[in-house]
Amino acid sequence: MLNHSPSVQTDTDFNVKSKCYEVKTETACRKYSQVFINYDPYDNARLLMEYGFVLPHNPHSVVKFTVDDLVACLSVDDRNGLSNKNLLQKKMELLSQESLTQNLSCSTEGLSWRLQTALQILCMDHDSICNWRIVLGQTPHDPALGSTVQLVAQRLISRRLEQHCSLTQVAEKVLDPGSSLISIFILMLLKEDLNILEQSLQNIKSHTDGDPLQ
């Protein structure tokens, strides 16, 4: 069985002539060195469930959010009426229409495009939401909208980070890394999520008000 590496490219197929299943690497490797296979761009949770291992510094690992998570952060101290019932319903319909209600995530590099776009739509006022395509395509971006998105995004990540810190502290007291391999993996996953959230929050804070989040 070949070991997995997220940084290699491989081609696998059944050879009818040789009647063998062939695995070909498309990534250069040195003579006598180990040849890896790429199982797929899975995060560590998926790798653990399907293959029974996790990777340190997995580039495909993310922390996921739901639309409800976003809305909860939007409604806190809503002085601009962004979570007004009718307006929010229109935004939710738009997110559903554009398939922006799932796969909302952040990584160590910051917010995913889907999460960022969903936040931008949720942070629009009535006039902007009526012309949302134009607003999203504007260059430079609306500084007021950018500032609001940054505030809500920071609130979103901070909340999850606080929750995850508490969860990790409990897990460290309950789980004994010396008792089983699964305990080690669970703690690794929790600490990986903490690192992702911390890096993502730092990325958000590094932007000045009005700049689009990357």
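Predicted model: local features only at pLDDT ≥ 70, side-chain atom pairs only at ≥ 80, totals over all residues.
Q: What makes strand 1 and strand 2 a pair?
A: Two strands pair if there are at least two bridges between them. Strand 1 (residues 10-15) and strand 2 (residues 20-25) are joined by six bridges, so they count as paired, in the antiparallel sense.

Q: What makes both faces of strand 4 count as covered?
A: In a regular strand, side chains alternate between the two faces of the sheet. In strand 4 (residues 104-107), Leu104 and Cys106 lie on one side, while Ser105 and Ser107 lie on the other. The residues on both sides are buried, and that covers both faces.

Q: How do you know that the buried residues of helix 2 line one face?
A: The buried residues in helix 2 (residues 67-74) are Val67, Leu70, Val71, Cys73 and Leu74. Seen down the helix axis, these buried residues fall within an arc of 160°, so they line one face of helix 2. Residues three or four places apart in an α-helix point the same way, because there are 3.6 residues a turn.

Q: What covers the buried residues of helix 2?
A: The cover includes strand 3, helix 3 (85-97), strand 4, helix 4 (113-122) and helix 7.

Q: Why is Ala171 called buried?
A: Buried means under 20% relative accessible area. Ala171 has a relative accessibility of 10%, so it counts as buried. Ala171 is part of helix 7. Apart from neighbours within four places in sequence, Ala171 touches Leu187 and Leu190. Ala171 and Cys106 are 65 residues apart in sequence, and their C-alpha atoms are 23 Å apart in space.

Q: Why is His57 called exposed?
A: Exposed means over 50% relative accessible area. His57 has 79% relative accessibility, so it counts as exposed. His57 is placed in the loop between helix 1 and strand 3.

Q: What makes Asn103 count as exposed?
A: With a relative accessible area of 54%, Asn103 is over the 50% cut-off and is therefore exposed. Asn103 sits in the loop between helix 3 and strand 4.

Q: What is the phi of His57, and what is that of Asn103?
A: Most residues other than glycine have a negative phi. His57 is not a glycine, yet has a positive phi of about 60°. Asn103, also not a glycine, has a positive phi of about 55°.

Q: Which residues and which helix stand out in the lining of the largest pocket?
A: The largest pocket, with a volume of about 320 Å³, has 17 lining residues, and nearest its centre are Pro56, His57, Asn58, Glu192 and Asn195. Helix 8 (residues 181-205) supplies the largest share of this lining, six residues. By class, the lining has seven nonpolar, seven polar and three charged residues.

Q: What lines the second largest pocket?
A: The second largest pocket has a volume of about 200 Å³. Of its 14 lining residues, Asp43, Ala45, Val62, Leu189 and Asp193 are closest to its centre. Helix 1 (44-51), strand 3, helix 7 (143-174) and helix 8 each contribute at least two residues. Helix 8 gives the most, five residues. The lining comprises six nonpolar, three polar and five charged residues.

Key:
Residues numbered from 1 in each chain as written. Heavy atoms only, no water. Buried < 20%, exposed > 50% of the residue type's maximum accessible area, 1.4 Å probe, protein only. Helix = DSSP H or I, 4+ residues; strand = E, 2+ residues; numbered from the N terminus. 1 Å grid on protein atoms, 1.4 Å probe; cavity = no way out; pocket = protein on both sides within 12 Å on 5 of 7 lines; lining within 4 Å. Points joined across faces, edges and corners; volume = space filled by probe spheres on them. Nonpolar A, V, L, I, M, F, W, Y, C, P; charged D, E, K, R; others polar. Arc of directions from axis to C-beta. Contact = heavy atoms within 4.5 Å.
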